[in-house]
Amino acid sequence: FSRYTGPYIAGRVAARHRTAFDVITENRKFRVKTSGALLKIGKIPAVGDFVVILNQPETGTRMIVDILPRRSILTRGAAGEGNTEQVIAANLDIVFIVTAAGSDFNPRRLERYLTIVHASGAKPVIVINKSDLAEDAEKIAAEAVKIAGKVPVVTISALKKNGLEELENYLMPEKTVALVGSSGVGKSTIINALLSEEVQDTFDTRKYDEKGRHTTTVRQLFTLPGGAVIIDNPGVREIQIGSAAAGIDETFPEIAEFAPECRYRNCRHTDEPGCAVIEAVNAGFIPKERLESYHRLMKESEFQAEKEEIGL
Ligand code: GDP
Ligand code: ZN
């Protein structure tokens, strides 16, 4: 922050509201808006962003005037620094992709999440929650391992507080971790289990539905007792992979492994002669569904890229 002197303070965005942001600074938290100049250039802060606040109590001015470069960007839809509206969270180190026993396990959805997280620059960890629903949990874990590649799969029960120490391996001081996954898989329960009771330094940004259950309406950032920062995301059901195909190869390492042996360097592995990937599928090295998923995600990302080109 050396180029800022005087009434500037550094902070981190903890929650986003309709028009304002909660920012945690060294001494306190503020609810602030962003400067018109930032908005004009399309820079919209996201949860996890490190920002600069201009703070002039004497004139009543207090606003975000700058966003520091992001080391990772988790997006839905279009990826990239320019498309800030799509940013789910910034500066993540690790993303827990949470799924649970007792709910539909959808391998295709998991592949989609893996692609997005790989593309973000953060490291994914697959978390199977509700292991107390034992039989189903084992089945789901086995299926998840099949598509995980090198990504770790951790099985826990947030309710019974089983396996949490495995999660804590990823919760190192200074690291920022986010949870993604459908609603109801137990993300809030996991966070509550990780937060010891004495630490409740949270913003009351939860809303309650008619049944008195809370529903997370905004993303929130918490500091865990061990010093890691955790971000709670709402179920991102509408999650779409962006135009960045970047994460796809990492999500399908078995395809990336055979692809260099295809006859054509830009082989799409559909019906090209000499396609090593199709040969590998025919030989039973790669499950057919995996190649189908790969094609589906590639098509989606190309479609997204086209939309961006024509300015949609
Ligand atoms: P979120 O929408 O992902 O934040 O999910 P919640 O944390 O609100 O949890 C949804 C429901 O699943 C709640 O009724 C929790 O009590 C329940 N739940 C969470 N973790 C577990 C678990 O490990 N085992 C079981 N059996 N239920 C759980
Ligand atoms: Zn090929």
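**View 1. Helix H2 passes helix H3 in a right-handed crossing.** This is a predicted model, and here we're looking at H2 (residues 107-120) against H3 (residues 134-148). Their axes come within 10 Å and cross at roughly 45°, which makes H2 oblique to H3.

**View 2. Here are the side of H2 and the side of H3 that make the contact.** H2 brings Pro 107, Leu 110, Glu 111 and Leu 114. From H3 come Glu 143, Ala 144 and Ile 147. Sort the residues in this contact by class and you get 5 nonpolar and 2 charged, with no polar ones.

**View 3. Ligand 1 sits among 14 surrounding residues.** The closest are Asp 132, Gly 184, Lys 187, Ser 188 and Thr 189.

**View 4. Zooming in on oxygen atoms of ligand 1, we start with the side chain of Lys 130.** A polar atom of that Lys 130 side chain is 3.0 Å from a ligand 1 oxygen. For Ser 157, a side-chain N or O atom lies 3.1 Å from an oxygen atom of ligand 1. Lys 187 uses its backbone: an N or O atom there is 2.8 Å from an oxygen atom of ligand 1.

Conventions. Residues numbered from 1 in each chain as written. Chains lettered and ligands numbered in written order. Predicted model: local features only at pLDDT ≥ 70, side-chain atom pairs only at ≥ 80, totals over all residues. Heavy atoms only, no water. Axes fitted to C-alpha atoms, helices over the stretch in contact; angles between N-to-C directions. Helix = DSSP H or I, 4+ residues; strand = E, 2+ residues; numbered from the N terminus. Parallel < 35°, antiparallel > 145°, perpendicular 65-115°, else oblique. Left-handed = near helix turned anticlockwise from the far one by under 90°. Contact = heavy atoms within 4.5 Å. Nonpolar A, V, L, I, M, F, W, Y, C, P; charged D, E, K, R; others polar. Near = heavy atom within 4 Å. Polar contact = N/O pair within 3.5 Å; in protein donor to acceptor, adjacent residues only side chain to side chain.
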